[in-house]
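This report describes selected side-chain contacts, surface patches and backbone features of one protein structure. The sequence and the structure are shown first.

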Amino acid sequence: MTLVQMQYFQAVCKYENFTRAAEALHISQPAMSAAMKDIERECKVSLFKRDKNSLKITDEGQILLEEANLVLGQYGHLEHVVKDLSLSRNYIRVGLSTLSGNQVYPRILQVYKRNYPDVQISSVEESTTRQFEMLDQGALDLIITIKQYEDPKEQEEFDRLYGHWPMLRSCQYLCVGKDSPLACESFVTLEQIAGEPMVMLKENFSQSRGIRGQFRDRGLKCNVIHYTNQMYTVERFVEQNIAVGFLPREVAEGNPKIVGIPYEGTKEKVIELFWRKDRFLFSAPRNFIRTAKKVFPAADL
């Protein structure tokens, strides 16, 4: 059975009609009928139930269709690989989380561009969930985010599908302006925070959902006066002592106008680089992984 015959068979199963399938593939109806007879002759079974007004696939035909779909899917991927090879695949698509990715991505990018100036790199900021969806769909080559696991079995399955490299330990601090009454505190409780006007990232950020969940579990309400998509905006509100906000420890420590304070519920998390194990990595993303490992050696964790 040839690839062309598989494509014809797939089309007939889709349209349940020889004529429409032939039209879709731009061949004659007799040629399509002959191809189906050849396949049935080779398989020595009937693949379709035929009557005047309908054409239905048999159980044996369904089995063959499932196998043909797998083969054609692999062939389509092979064609994509060949096309990429012919174009030298001299680009990378990177996804990153707003909070965690921006702490490591610029440092990797600086070294990578110095060593591989001809490689085109595009990046996009998305939620962790969306990043993994795009990675699975082949829309991204690599992603930078924090992944937490519900149980060991989930992590085992995850490790089977994804390669990953831990780069930096980080945590969120409550950030306040230098003139805030809380600035002298070395630790704050949720009750202390609840009474403060707050600037917070929008609900599509896992950080915001987690913080709101902590307050909700304690029967407390967040006094949010402004929602934003930008970490930059959180910093500006905090600097002006308009509101308190939650930012990565490294951001707080790097801004002399704000004070970062550990708070009840603060947890260290690991920012990692992720890729699919079952997908061929061209030299450009492979070199990006090597660069990330040099910039952020695992021994530093």
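The model is predicted: local features need pLDDT of at least 70, side-chain atom pairs count only at pLDDT 80 or more, and totals for chains, interfaces and linings use all residues. Residues are numbered from 1 along each chain as its sequence is written, and side-chain values use heavy atoms, with hydrogens and water left out.

## Salt bridges

A search of the whole structure finds 16 salt bridges, a salt bridge being a side-chain nitrogen of Lys or Arg within 4 Å of a carboxyl oxygen of Asp or Glu.

| R41 | D38 | 2.7 Å |

Helices (H or I, at least four residues) and strands (E, at least two) are DSSP runs, numbered from the N terminus. R41 is exposed, at 55% relative accessibility, whereas D38 is partly exposed at 34%. In these terms, buried means under 20% relative accessible area, exposed means over 50%, and partly exposed lies in between (1.4 Å probe, protein chains only).

D141 is buried, with 9% relative accessibility, while R93 is partly exposed at 22%.

Elsewhere, salt bridges link D136, R276 and D278 in a network.

S170 is part of strand β6 (residues 162-170) and is buried, its relative accessible area being 3%. Its side chain makes a polar contact of 2.9 Å with the side chain of E250. S97 is placed in the loop between β3 and α5 (101-115). S97 is also buried, at 8% relative accessible area, and its side chain makes a polar contact with the side chain of Q131 at 2.8 Å.

## Surface patches

Patches are made of residues with over 30% relative accessible area and no salt bridge; like charges are joined within 9 Å, and nonpolar side chains (Val, Leu, Ile, Met, Phe, Trp, Tyr) within 5 Å. Accessible areas come from the Shrake-Rupley method with a 1.4 Å probe, and for residues only the protein chains shown count as cover.

A positive patch is formed by R286, R290, K293 and K294. Lys and Arg count as positive and Asp and Glu as negative, while His and the chain ends are not counted. The place of a charge is taken as NZ of Lys, CZ of Arg, CG of Asp or CD of Glu. K294 is located in helix α12 (residues 283-295) and is exposed, with 71% relative accessibility.

L3, V71, Y75 and L78 make a nonpolar patch of about 300 Å². Helix α4 (residues 59-86) gives the most to this patch, with 3 residues. V71 lies in helix α4 and is partly exposed, at 36% relative accessibility.

## Backbone angles

Most residues other than glycine have a negative phi. E16, which is not a glycine, has a positive phi of about 50°. E16 lies in the loop between α1 (3-15) and α2 (18-25), where it is partly exposed with a relative accessible area of 35%. K44 has a positive phi as well, near 60°. K44 is found in the loop between α3 and β1 (48-50) and counts as exposed, at 73% relative accessibility.

Technical notes. Polar contact = N/O pair within 3.5 Å; in protein donor to acceptor, adjacent residues only side chain to side chain.
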